[in-house]
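Please open the model in a viewer and keep the selection panel at hand.

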Amino acid sequence: MSEFVEAVDIEVTVNGKTYQRSVEPRLLLVEFLREELGLTGTHIGCDTSYCGACTIHMNGAPVKSCTLFAVQADGQTLTTVEGLATDAGLHPLQKAFSEHHGLQCGYCTPGMLMSAKALLERNPNPSDKEIKKQIAGNVCRCTGYQNIIKSVHAAAAEMRES
Amino acid sequence: MTELKTVGKSIERVDIKAKVLGTAVYAADIKLPGMLHGKIVRCFEHAHAKVVHLDLSAAAAVPGVVKVLGPKDVTSKTYNQSVIDLMASKTEGAMLGDIEEQHIFTEHVKFWGDGIAGIIAVSEEVAERAAKLVRVEYEPLPVYITPEESGHPEAVQFTPHKPGNRAFQLPEEMFPGNALGWGDVDKAFEEADLVIEDTFYTPKQKQCQMEPNSYVALYDDSNRLNCWTSGQMPKLVHEKIARLFDLPMSRVTIHQTVVGGGFGARLGMVLEPEICAMALAVPGRPVKIQQPREEDWLTSPSRHPARYWMKIGFRKDGTPLAVDAKSVNFKGGYYLDGSALASTTGFWLQGMYKFENLRYKGESYFTNQPVCGAFRGYGNPQTNFVLEQMIERACVQLDLDPLEWRRKWHKETGDMSWLNATPYTSCALNDCLDRGAEVIGWAQKRKKYANQTGPKRRGIGVAVGNHTSGAFPMILEHTTCTVRLNEDASATVLVACSDMGQGAHTSLTQIAAETLGWPIEDVRLETGDSDANGFDIGAHASRTLYVGGAAIMKACQDARGQLLDRAARILKVNRDELDIDNKTIFVEGEPERSVSAVDICRTGIYNFIDHATGLPEGELGQIQAYVSYKPDQNSPPFFATFVELEVDTETGEVELLELVSSHDIGKAIHPAICEGQMEGGAQQGLGMVLTEEMYFDERGFAINNSFTDYKMLGASDMPKMTSILVENGDPYGPFGAKSVGEAGVVTPVGATANAIYQATGIQFTQGPITPEKILHEIRKRGLTYD
């Protein structure tokens, strides 16, 4: 059948580890992370790149992994939620979301954390408005966003101090 | 009661670490060896049709397809995907007219996207490819969008059980005249100084829980049907699945995964029948269904849209003489909890104000739209939209202060509550109103916005409401709990209560720890698999903390009592002379006379013979307590919301400026979780009143079944929010607590509509109040700008 296309070899660095895989060109990056690499912290919420549950970093910039093909990540460096914590412990954003109740069901949280991380890396002291703008592409249906914004502020404060 | 150590504190949530690390396992994350993938073939050609011919042969021939299933390849038994019918007694269910008319795969398509067949294949792609090769011949039927259309005498019948396609009306046997209420409404209207009436429409709103429904099922080698799902009510689903497939309940397990939000969309079953039918077709092999959002949006039940007529009569001084109302729900293609919603919509009406006379009629008609069922609030936001706007209009016409009117005429402690069967147990609504009004600056702003000119106009509105804590006495309430003290005296609390993400497991752990007197680290809730624990209804009706919490508290009191009894025998004192601190049990006032709780627990298990005496070293038996608990109250929480907003009369856009909600919750077990419920509820309530509606074209095809086209409020759309917890303590709730889960969604609806009314002088009867509707009305009425 013509629908079957030959697999393509890709090399991707995810959370500091390099993977070589052979993937179908149709395979979405989010599926690659979840199914091939078992990194299920990156979630699928809407399938239309609207909700942001699948947000990861590609070369340091936030991207929605349901909108990219795995082959587009060839040669790139990715970070997912699983790459946030280190041996030293939780990332300040993970800590702040825990302490300030920045989540309920937790399904949007990985994407929310990755979007917030991108913001704090370029703007260590964001305003409410800047945080809201940054997470405009991340939907949360549980919290009303209030505690998410509080958590991002708290993480920013901790990151400024350290 | 001594000072509380855990209850009342916003401790770290028990599920937090896995959720921030990304390691929490949701249903979509489950992957089993040899797993197959299921795909449901849905009808996207028609919203109403008969399947005349179904040919699955081409699909079956696709390499990698393991099995194809048509209606005749699965059980012919019918079911009702909701679980509300299980919670009514047989007699009551018969009176209400509950039915089970759904088929796993249908031959009568009743909404766009109805499932007609199933494909099981080695991968999702193969299953999808095969699904496209299914050949179906349909006989198109007329599409009914409104109750008038489906209720027409010549309309095609959705089910022989419901003549005229009327899915429900309040039954004569229970509600004479097919109405609930009291007094003589018609007579009262004759005596009224002011009578107003209007017809409203409340939209079909989607829960949009962030996690789309996913399932894995496996009929395993010990002849046991396993289903991994993120449902809200695993125990009731367990029984439904066992019945549907004629299996003993001991051969079925519903494994509850982490739940990525529910809000009612997972009350009962969604695709559990389909996935289990697939698993039974391929014994020994797990099957997974991962639903895309577009399909989830169509197949999990939404809020019932309703046409809602209301007439109210007042004396000049504001005395509420009478209310007469009728809501007609657009039921969608199947019955589900058809009896309950049309009833509760009226219950919320009869529970709110001291109307001298009240009559409410509720009906539902089948329509060719996706099914409706539970959605946070369960009829309450609908009633709030209508009732609170009607009250507002009456106050304006009678020149009464709307806040003062509400203070004076809301029901309170001792008055009959929503079911008109039990009295309100506690009410601090006036505190809620006072504190909220002060925070938002009600008096000043209300005055300031009374006379405005120019294109941008501000308004401030208020609405009040109450809800319930659990479903008593309307339908079944029951939670069982077993508490086991381990060798080191730490406690395992076995209870089937669900955490939909709201934080229930954290609050319930706090209740257990506080009751036992143990630190939170020494208490763990064992929930999850449906056959690991005794019975619990599941998460609905804002019941988990109130009913589940009380059950846990009783079981923990019992376990603590057993421990104290043993200590009393050792210390040779009466049990009530003892106290516990830091797992040491001591005689009050004589701390040196003590025994370690750990020693008692350990000796109960490692029960050796003392060689010196030849007797056991201590009492034999692991300490374990069990309760089967049914509440006899429902302690409704009361609440008020204030909303301040600005309407751009040139574009129709509404900017939300501030929202203040205050809830009389009795006692906050975990204040941050309570506030989270209020704030998250507000996002959904504001969405219902301003932006959210599922749209369908005249063919019954969905127009906006994706997050891109269905407008939820984002972070930038939300107002500044303040949540006020009013804690006066309820005499019946655990530690004085009442519910907070559903309540948050209710009053933002009425308060927003009333704020728009103040800003524009216009009441919008058709929700949601979109910029288009605002502009249309402004242009029609010719707003002046000077």
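Begin with domain 2 of chain B, where 20 residues are in contact with 15 residues of domain 3 of chain B; two residues are in contact if their C-beta atoms, placed from the backbone, lie within 7 Å. On the side of domain 2 of chain B that touches domain 3 of chain B, seven residues are nonpolar, eleven polar and two charged. Here Ala, Val, Leu, Ile, Met, Phe, Trp, Tyr, Cys and Pro count as nonpolar, Asp, Glu, Lys and Arg as charged, and the others, Gly among them, as polar.

This is a predicted model, in which local features need pLDDT of at least 70 and side-chain atom pairs count only at pLDDT 80 or more, while totals for chains, interfaces and linings use all residues. Residues are numbered from 1 along each chain as its sequence is written, and chains are lettered from A and ligands numbered from 1 in the order in which they are written.

To colour chain B by domain, select domain 1 (31-141 + 207-299), domain 2 (306-362 + 376-472 + 632-778) and domain 3 (478-629); such bounds come from an automatic or database domain assignment. The C-alpha centres of domains 2 and 3 of chain B are 41 Å apart.

Next, select domain 1 (8-83) and domain 2 (92-161) of chain A. Their C-alpha centres lie 21 Å apart, and their contact takes 14 residues from domain 1 of chain A and eleven residues from domain 2 of chain A.

Finally, display both chains: their contact takes 40 residues from chain A and 42 residues from chain B. The chain A side has 20 nonpolar, 14 polar and six charged residues.
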